[in-house]
Amino acid sequence: MSDLTRLTIADARDALRKGETTSVALTEAYLSAIDGADALNAFVHKTPEIALEQARAADKRIATGEAPALCGMPLGIKDLFCTKGVASQAASKILDGFRPEYESTVTRNLWDAGAVMLGKLNMDEFAMGSSNETSAYGNAVNPWKIDDRQLTPGGSSGGSASAVAADLCMAATGTDTGGSIRQPAAFTGIVGIKPTYGRCSRWGIVAFASSLDQAGPMTRTVRDAAIMLGAMSGHDPKDSTSADIPVPDFEAMLTGNIRGKTIGIPKEYRMEGMPAEIEKLWADGAEMLKDAGASIVEISLPHTKYALPAYYVIAPAEASSNLARYDGVRYGRRAKLGQGDGIVEMYEKTRAEGFGKEVQRRVMIGTYVLSAGFYDAYYNRARKVRALIKRDFDEVFAGGVDAILTPATPSAAFGLGEMADADPVAMYLNDVFTVTVNLAGLPGISVPAGLDAQGLPLGLQLIGQPWGEGELLNAAHVLEQAAGFVFKPAKWW
């Protein structure tokens, strides 16, 4: 078959079962594509030997006729997932050379399903960033380009988004703490879903903010997202926040029928200064869902305006606690000490050398809001706001709303270097439409829905009820089909 790297998971599954291609052929095609795409800096650790070994095993499994849907599919893995014997650095200098002796539960689930690991993908350091510019590997690049202007693929899962959009892997894993799957998916014209908190195990994923982090798939289509999410999900006794509930057949729930469903449009998301093209895209998306038989109603989420400040108190506080373990004693980088230096100097020098500027900023903010005298004024207050945000969603869903439609991002992808050295708050505003979903623990999905005036992709976000990924994916599938967004970036790399 020609254009093997253009096949979706669903298409490749059918081709493999019919004997029209093999997992080895797919894997070799992707490995060749990766070798020719160094300009994108999406893959930071390539694993061709592992990939071909897994592909050969997958072909044997497929030949038995008993292989699951993901068997033989070449994937990219975000560098935040620990992969046994393979560098797992979280894009940070402080974990330089770290090769875990264990496998994350999510990646173990994928390998058990017969998937193939092409390598590890670039990201913002410790998943802290919205542009992939905080990575110790240097930034990944968006395969979409305007003239000679290089664009961000978004963050923190920027390498995952870039690789999927550029056909360097069939799909990729991502993590989402405040929008880190959905924002890069929107910036690169792909699909990205953050499941309900607890749907995918966090065990073996390097922690940023433990009450917010959640793994999810980044794919070319909603159907592929449904297939991959089914393989990634499941209860894990090693993760106390993992939910012991059945994993439905998400793909089987893609009926394309949303007649009688109610879609909410939150009035608080109509923010001052929103670009007209984002407003139009949102209105067009609502009309598409209405034409498919859904009812469109205006809803209110009154505490939305407090979400971003609450998030940027809670997330750094949890990061401060989680990143305290990187001290130069047990593993990872240890600074070279001078004569007379003691353990305090080792801590200070190691963390100063090992952490990048953005990680240092967030650790310091987190330490401050948890400190005596400020805990109640900041962290405890933010926790109370979080509870109110969750209650807003609970009341809307209890009132009969099945899903909520919003923009995914406040703009299309911006240029690399345009915001990195500006006021960090301007960068944080990229999460304005996504952080509420993490604070409330809900599932959310970004679907490519159109192009801006420059020809760059724009995404729409659908937010679902807890554990309602199947219904959410079905609504996203309807939106995807109605939008008909099938454009690919012109190859320049």
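In this predicted model, helix α1, which spans residues 9-18, has as its buried residues Ile9, Ala10, Ala12, Arg13, Ala15 and Leu16. The cover over these buried residues includes α2 (23-35), α3 (48-63), β4 and α7 (222-232), and α1 is followed by Gly19, whose phi is positive, near 80°.

**Nonpolar core**
- The largest nonpolar core holds 155 residues, and the members that touch the most others are Leu70, Leu110, Phe126, Phe393, Leu405, Leu462 and Leu473.
- Helix α9, covering residues 307-322, gives the most to this core, contributing ten residues.
- Phe126, with its neighbours within four places in sequence left aside, is in contact with a set of residues that includes Leu80, Ala90, Ser92, Ile94 and Leu95, as well as Val206, Ala207 and Phe208.
- Further contacts of Phe126, again leaving aside neighbours within four places in sequence, include Leu323, Tyr326, Phe355 and Val359.

**Packing of α9 against α11**
- The axes of α9 and helix α11 (residues 357-370) come within 7 Å and cross at roughly 100°, and the two helices are therefore roughly perpendicular to each other.
- On the α9 side the contact is made by Tyr312, Val313, Pro316, Ala317 and Ser320, while α11 brings Arg362, Val363, Ile365, Gly366, Thr367, Val369 and Leu370.
- Sorted by class, this contact of α9 with α11 has eight nonpolar, three polar and one charged residues.

**Aromatic pairs**
- A search of the whole structure finds 15 aromatic pairs, and one of them joins Phe126 and Phe355, whose ring centres are 5.9 Å apart and whose planes stand at 75°, so the pair is edge-to-face.
- Because Phe126 lies in the loop between β3 (116-121) and α5 (158-165), and Phe355 in the loop between α10 (343-354) and α11, this pair ties together parts that are 229 residues apart in sequence.
- Phe126 counts as buried at 0% relative accessibility, and Phe355 is also buried, with a relative accessible area of 5%.
- In the pair of Phe187 and Phe414 the ring centres are 5.9 Å apart and the planes stand at 90°, so this pair, too, is edge-to-face.
- Since Phe187 lies in helix α6 and Phe414 in the loop between β9 (403-407) and α13, the pair ties together parts that are 227 residues apart in sequence, and both Phe187 and Phe414 are buried.
- Phe126, Tyr326 and Phe355 form one aromatic cluster.

**Two buried loop residues**
- Asn430 is placed in the loop between α13 (424-428) and α14 (435-440), where Asn430 is buried, with a relative accessible area of 4%.
- Not counting residues up to four places away in sequence, Asn430 touches Ser130, Gln183, Phe187, Pro410, Phe414 and Met419, so both rings of the edge-to-face pair Phe187 and Phe414 belong to residues in contact with Asn430.
- Gly178 lies in the loop between β4 (171-176) and α6 (182-188), and Gly178 is buried, with a relative accessible area of 4%.
- Leaving aside neighbours within four places in sequence, Gly178 is in contact with Tyr311, Asp431, Thr434, Val435 and Asn438.
- The C-alpha atoms of Gly178 and Ser210, which are 32 residues apart along the chain, are separated by 12 Å.

Terms used: Residues numbered from 1 in each chain as written. Predicted model: local features only at pLDDT ≥ 70, side-chain atom pairs only at ≥ 80, totals over all residues. Heavy atoms only, no water. Core = buried A, V, L, I, M, F, W, Y, C linked by side-chain atoms within 4.5 Å. Buried < 20%, exposed > 50% of the residue type's maximum accessible area, 1.4 Å probe, protein only. Helix = DSSP H or I, 4+ residues; strand = E, 2+ residues; numbered from the N terminus. Contact = heavy atoms within 4.5 Å. Axes fitted to C-alpha atoms, helices over the stretch in contact; angles between N-to-C directions. Parallel < 35°, antiparallel > 145°, perpendicular 65-115°, else oblique. Nonpolar A, V, L, I, M, F, W, Y, C, P; charged D, E, K, R; others polar. Phe/Tyr/Trp six-rings, centres within 6.5 Å; stacked < 30°, edge-to-face > 60°.
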